Amino acid sequence: MAVITLTTDFGTKDHFTGAVKGALLSEILEAKVVDISHNISPFSILEAAYVIQNAFSSFPVGSIHIIGVDSEISEENKHIVVQLNDHYFICANNGIMSMICSEINPQKIVEINIHDKISTSFPVLDVFVKVAAHIARGGTLEVIGKIINEIKPIKNIVPIVRAGSSQLVGSVIYVDHYGNVITNIKKRFFESIQKGRRFEISARNHKFKRIYNHYSDIVDFNIAPELRNDEGQGLVVFNSSDYLEIAVYRSNLATVGSASTLLGLDMMDTVSIDFFKD
């Protein structure tokens with residue numbers, strides 16, 4: 001049974017998501033269609049890249065991933081299929097796949113060329129569904145496209161090293177449901193620059209000198225619960241995907257706020273790390 005995932009910026013109010021699912025089932029009735037997210041911010045390539053990068057490997061080998069973000073075809077926005085780790089990704093060649101492909105080399109990249117056979121203003125429904133069904137039936141990629149060797153890069157996925165490796169400058173690439181702020185600084189890259197040195201993380205006018213292993217590490221469990229004042233405290237962790245994340249302990253927009261609201265951080269804002277010799 002084919003597993004086909006959907007990641008889009010369609011939301012849930014309109015008919016788009018339901019129509020795509022219906023079209024997939026009309027093509028392959030026994031298909032297992034799984035929603036990853038339909039709440040990607042409109043046209044946010046970075047958000048889509050982060051979400052699919054951190055979700056796809058949980059699915060079985062052979063899964064097909066439709067990414068419907070900024071998918072309108074144009075001379076500068078072609079459609080592609082990327083085969084990577086025996087998964088298939090159907091999306092626009094707009095940089096979405098470059099975050100994943102920066103860590104894993106694709107097995108094959110195909111530029112879809114069946115558009116002359118399909119008239120559409122809704123390519124996720126009319127093109128991506130047809131391509132997904134073709135792959136699910138065991139069809140080869142060469143039938144629906146031509147082999148290409150490169151995909152478009154995405155800006156700001158790699159942090160910048162400055163001043164002779166004494167400063168690392170990253171960007172916010174995702175704000176999650178809790179308002180936690182995720183940067184493009186990965187743990188392995190951070191450690192390769194840090195080399196054991198002391199550091200200070202700056203996010204606007206807020207400074208952090210420690211990276212915790214877990215959110216709850218900020219709590220002093222020797223203090224009675226009724227006397228603690230840890231909710232709403234800012235902290236830095238490497239999250240479950242090994243990205244540097246600025247968070248607020250037990251964040252809640254209705255009560256203590258979040259890292260995004262309290263620190264005034266949003267997509268593409270800068271986070272810098274200064275390293276110091278002992």
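Me: What makes a pair of atoms a polar contact?
Reply: A polar contact is a pair of N or O atoms within 3.5 Å, where one must be able to donate a hydrogen and the other to accept it. This is a predicted model.

Me: What makes the pairing of Asn239 with Tyr50 a polar contact?
Reply: The two side chains make that contact at 3.1 Å. The cut-off is within 3.5 Å, so the distance qualifies.

Me: Where is Asn239 found, and which residues does Asn239 touch?
Reply: Asn239 sits in the loop between β13 (234-238) and β14 (243-248). Leaving aside residues up to four places away in sequence, Asn239 touches Tyr50, Ile182, Tyr215 and Glu245.

Me: Why is Thr140 called partly exposed?
Reply: Thr140 has 44% relative accessibility. Buried is under 20% and exposed is over 50%, so 44% falls in between. Thr140 lies in the loop between α4 (123-136) and β7 (145-147).

Me: How far apart are Thr140 and Ile157 in space?
Reply: They are 31 Å apart, C-alpha to C-alpha, and 17 residues apart in sequence.

Me: Which residues of the largest nonpolar core touch the most other members?
Reply: Ile67, Val82, Phe89, Met97 and Ile173 do, out of 29 residues. α2 gives the most to this core, with seven residues.

Me: Which residues does Met97 touch?
Reply: Beyond residues up to four places away in sequence, Met97 touches Ile67, Val82, Phe89, Cys91 and Ile151.

Definitions and conventions
Residues are numbered from 1 along each chain as its sequence is written. This is a predicted model: local features need pLDDT of at least 70, side-chain atom pairs count only at pLDDT 80 or more; totals for chains, interfaces and linings use all residues. Side-chain values use heavy atoms; hydrogens and water are left out. A nonpolar core is a set of buried Ala, Val, Leu, Ile, Met, Phe, Trp, Tyr and Cys residues joined through side-chain atoms within 4.5 Å. Buried means under 20% relative accessible area, exposed over 50%, partly exposed in between (1.4 Å probe, protein chains only). Helices (H or I, at least four residues) and strands (E, at least two) are DSSP runs, numbered from the N terminus. Contact means heavy atoms within 4.5 Å.
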